[in-house]
Amino acid sequence: MPIHFNDLDVVSEVEGLSSALIVPCNMCPAVTVAVRDEKPFMQFFRSFLKSVPFEKHIAALQSRLREKGVNTSVFRSNLYHQWFLCMWTLGRRKKLRKYAMQYEAVVVLGCDSATETVRDAVKSTDCKVIEGMEVAGIMNAQLKFHLPCNVSFDDCKIVPISRQKKQEGVPIVDSNS
Ligand code: SF4
């Protein structure tokens, strides 16, 4: 099941900046927001391959940042195979780098692995990487399909991540090395 998140204070992190690119992972964060808002994750007839609650969440974040004088855009990942930031292709990462160069910061909506993808993509730029969410645990829920063509998660519980992963300073292990 997907990772569950808490929101982090992005507004204070962008203090003094004038532009930011929001990079959302469309899977776990979108499920988190849908569960939190008690709305369907997907309504295929209303918004094909877009999670309406998550779209509203992103729009609200953009609005809060605009009030602080920060212009934002969203780096959209509309195709299903682009949804998971942890598994982006090299081409996708290069495309993010090209876009990110036009902004002072990138705001990542996703887990530590999503942030790693973004950090790696923009490492040779001056972009500040800001985490917009923190991991709260792993979700345990019942997947439900209902008419007309909606997908929801019911009876959600948040299961804590194991002690080892919570320890600070656990290095990222490169399986090729
Ligand atoms: S990058 Fe993280 S948040 Fe996104 S799908 Fe992968 S595990 Fe979930």
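Two strands are taken as paired if DSSP finds at least two bridges between them. The model described here is predicted. Under that criterion β5 and β6 form a pair in the parallel sense, with 4 bridges, and within this pairing Ala 105 has Lys 128 of β6 as its bridge partner.

The pair belongs to an open sheet of 4 strands, arranged in the order β4-β2-β5-β6 with parallel pairing. The edges of the sheet are formed by β4, residues 71–74, and β6, residues 128–131, each of which pairs on one side only. On average, neighbouring strands of the sheet are turned by 25 degrees against each other when direction is ignored. Strands of a sheet pair through backbone hydrogen bonds, in either a parallel or an antiparallel arrangement.

The pairing of β2 (residues 19–24) with β5 (residues 105–109) is parallel and runs over 5 bridges. In this pairing Val 23 stands opposite Val 108 of β5. Strand β2 also pairs with β4, again in the parallel sense, over 4 bridges. Here the bridge partner of Leu 21 is Ser 73 in β4.

Both β2 and β5 are mostly covered. In β2, 6 of the 6 residues are buried, and in β5 the count is 5 of 5. In a regular strand the side chains alternate between the two faces of the sheet. For β2, Ser 19, Leu 21 and Val 23 point one way, while Ala 20, Ile 22 and Pro 24 point the other way, and all are buried. For β5, one direction is taken by Ala 105, Val 107 and Leu 109 and the other by Val 106 and Val 108, and all of these are buried as well.

With residues up to four places away in sequence not counted, Val 106 touches Leu 21, Val 23, Ala 100, Val 118, Val 122, Cys 127, Lys 128, Val 129 and Ile 130.

Helix packing was examined for α2 and α3. Two packed helices are described by the angle between their axes and the distance between the axes. The axes of α2 (residues 28–36) and α3 (residues 52–67) come within 8 Å and cross at roughly 95 degrees. The two helices are therefore roughly perpendicular to each other. On the α2 side the contact is made by Pro 29, Ala 30, Val 33, Ala 34 and Arg 36, and on the α3 side by Pro 53, Phe 54 and His 57. By residue class, the contact consists of 6 nonpolar residues, 1 polar and 1 charged.

His 57, which is found in helix α3, has a relative accessible area of 16% and is therefore buried. Apart from neighbours within four places in sequence, His 57 is in contact with Asp 7, Val 33, Arg 36 and Met 133. Ser 63 also lies in helix α3. Because the relative accessible area of Ser 63 is 28%, this residue is classed as partly exposed. The C-alpha atoms of Ser 63 and Asn 140 are separated by 32 Å, the two residues being 77 residues apart along the chain.

Asn 26 is placed in the loop between β2 and α2. Its relative accessibility is 14%, so Asn 26 counts as buried. Leaving aside neighbours within four places in sequence, the contacts of Asn 26 are with Phe 41, Phe 54, Ser 77 and Trp 83. A separation of 8.0 Å is found between the C-alpha atoms of Asn 26 and Ser 51, which are 25 residues apart along the chain.

Conventions. Residues numbered from 1 in each chain as written. Predicted model: local features only at pLDDT ≥ 70, side-chain atom pairs only at ≥ 80, totals over all residues. Heavy atoms only, no water. Axes fitted to C-alpha atoms, helices over the stretch in contact; angles between N-to-C directions. Parallel < 35°, antiparallel > 145°, perpendicular 65-115°, else oblique. Contact = heavy atoms within 4.5 Å. Nonpolar A, V, L, I, M, F, W, Y, C, P; charged D, E, K, R; others polar. Buried < 20%, exposed > 50% of the residue type's maximum accessible area, 1.4 Å probe, protein only.
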